[in-house]
Amino acid sequence: MAGGMNRKISAASARAHTRKARQNSSFKLPSGMLKKTVLLFFVGFLAWAYKATQPPPPKICGSPDGPPVTAARIKLSDGRHLAYKEHGVPKEKANYKIVFVHGFDSCRHDAVIAKTLSPEIVEELGIYVVSFDRPGYGESDPNPKRTVKSMALDIEELADQLGLGSKFYVIGFSMGGQVLWSCLKYIPHRVAGAGLLAPVVNYWWPGFPGNLSGEVYNQQLWQDQWAVRVAHYTPWLTYWWNTQKWFPSSSVAAHSTDILSPQDKELMAKFSGREKYMAQVRQQGEFESLHRDMIVGFGAWEFSPLDLENPFPNNEGSVHLWHGDEDWIVPVMLQRYIAQQLPWIHYHELPGAGHLFPHADGMSDTIIKAILTGEK
């Protein structure tokens with residue numbers, strides 16, 4: 001046949017030929033290389049995760065890259081510095097000497113008792129107050145080894161170096177109020193009297209009924225539940241959790257107004273003066289101030305405040321606890337339980353008051369008179 005023979009290709013042969021061509025043309029990663037790629041990706045993810053959980057080093061006051069030192073400071077026995085501020089009458093002439101412990105995201109300038117106490121009361125009773133920057137805040141050196149006990153020992157050493165005598169009064173607000181449990185545990189022989197103002201509660205303190213602590217825990221905003229849960233169960237993730245942008249973190253650290261009661265919102269006008277020193281509060285870094293507070297405050301404690309004994313069995317002093325029944329930051333229910341378990345505490349529940357009640361007009365005078373003179 002002229003021109004050759006036409007070849008007929010069956011449909012089945014055509015499909016087989018196409019599959020073979022596709023198989024030959026497709027790229028296959030060798031199994032060894034695939035394993036190496038997966039391993040490399042996994043190692044890279046671990047490196048990223050590790051870096052994300054590591055806080056930056058703090059900017060120590062007085063160091064070449066750190067903020068300047070402007071406050072009076074003492075040098076503690078372990079080499080750290082503690083910044084402080086004195087208020088009231090000179091301590092040499094004082095009848096009553098008080099150490100004030102500030103709260104979360106605050107500093108020595110936030111000594112509400114000293115700042116709002118009437119001058120007449122100060123002079124009449126002869127009151128001296130010293131406030132200080134807790135470790136990592138303001139101009140006090142961070143303490144990476146900070147524990148529940150170390151805070152009480154810092155207060156004792158501050159009092160000794162300032163010459164406050166064998167006994168002194170302690171007053172603490174919010175997270176600073178929580179610190180006073182440590183004073184009553186570790187240095188009760190140095191305490192002349194104590195005032196806990198809306199003290200933060202650790203939901204995992206032994207002695208709380210599980211249903212009660214769970215109920216109060218769930219009264220928090222969702223993001224605050226997670227913030228304290230992370231600090232308690234996975235403290236090494238605290239920095240990452242509070243700096244990541246995927247989920248909302250602590251509303252307290254974010255200064256959210258959603259956690260403020262009606263009275264708290266009214267009292268916010270009294271905070272306008274904080275703008276002058278607000279930048280100093282976190283100037284050394286948030287991890288050794290805010291995050292360390294959360295890790296220690298909501299971590300596993302060496303003791304439970306509910307097991308404390310009366311430090312004044314002969315009524316030579318007194319312990320007072322004030323709390324507002326509309327506190328949306330630290331719900332009141334657990335304070336009531338503590339007061340029931342520790343009948344030696346003078347418990348003052350304030351109707352309609354929120355977390356910021358110490359800033360209310362006349363409140364500092366009431367608190368000071370109750371602690372120092374027993375006036376109701």
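A salt bridge here is a side-chain nitrogen of Lys or Arg within 4 Å of a carboxyl oxygen of Asp or Glu. By that rule, this predicted model has 17 salt bridges.

**Stop 1: Arg 73 and Asp 141.** Select both side chains. They meet in a salt bridge, 3.6 Å from N to O. The pair ties together distant parts of the chain, 68 residues apart. Arg 73 sits in strand S1 (residues 72-75), while Asp 141 is in the loop between strand S4 (127-132) and helix H5 (148-162). Colour by accessibility next. Asp 141 has a relative accessible area of 9%, so it is buried. Arg 73, at 23%, counts as partly exposed.

**Stop 2: Glu 288 and Arg 292.** Go to helix H12 (residues 287-297), which holds both residues. They are four residues apart, about one turn of the helix. Glu 288 is buried at 8% relative accessibility. Arg 292 is buried too, at 13%, because the cut-off is under 20%.

Now select Asp 78, Arg 80 and Asp 154. Salt bridges with shared partners join these residues into one network.

**Stop 3: Arg 282 and Glu 286.** Here the side chains meet in a salt bridge of 3.0 Å, N to O. Arg 282 is partly exposed, with a relative accessible area of 23%. Glu 286 is partly exposed at 32%.

**Stop 4: helix H6.** Select residues 175-186. How far apart are the end C-alpha atoms of H6? They are 18 Å apart. At 1.5 Å a residue, the 12 residues should span 16 Å, which agrees. Show the surface: H6 is mostly covered, with 10 of its 12 residues buried. Among them are Met 175, Gln 178, Trp 181 and Cys 183.

**Stop 5: the largest pocket.** Its volume is about 1100 Å³. Centre the view on Phe 104, Val 252, Phe 271, His 355 and Leu 356, the closest to the pocket centre of the 50 lining residues. Helix H3 (112-116) and helix H8 (222-233) each supply at least two residues of the lining. Colour the lining by class: 26 residues are nonpolar, 15 polar and nine charged.

**Stop 6: the second largest pocket.** This one has a volume of about 220 Å³. Select Phe 312, Asn 315, Glu 316, Gly 317 and Ser 318, which lie nearest its centre among 15 lining residues. Strand S6 (191-197) and helix H14 (363-373) each give two or more residues to this lining. By class, the lining has eight nonpolar, five polar and two charged residues.

Terms used
Residues are numbered from 1 along each chain as its sequence is written. This is a predicted model: local features need pLDDT of at least 70, side-chain atom pairs count only at pLDDT 80 or more; totals for chains, interfaces and linings use all residues. Side-chain values use heavy atoms; hydrogens and water are left out. The expected span of a helix is 1.5 Å times one less than its number of residues. Buried means under 20% relative accessible area, exposed over 50%, partly exposed in between (1.4 Å probe, protein chains only). On a 1 Å grid over the protein atoms alone, a cavity is a set of points where a 1.4 Å probe fits but cannot get out, and a pocket is an open set with protein on both sides within 12 Å along at least five of seven lines; lining residues have an atom within 4 Å of a point. Grid points are joined across faces, edges and corners, and a volume is the space filled by probe spheres set on the points. Ala, Val, Leu, Ile, Met, Phe, Trp, Tyr, Cys and Pro count as nonpolar, Asp, Glu, Lys and Arg as charged, and the others, Gly among them, as polar.
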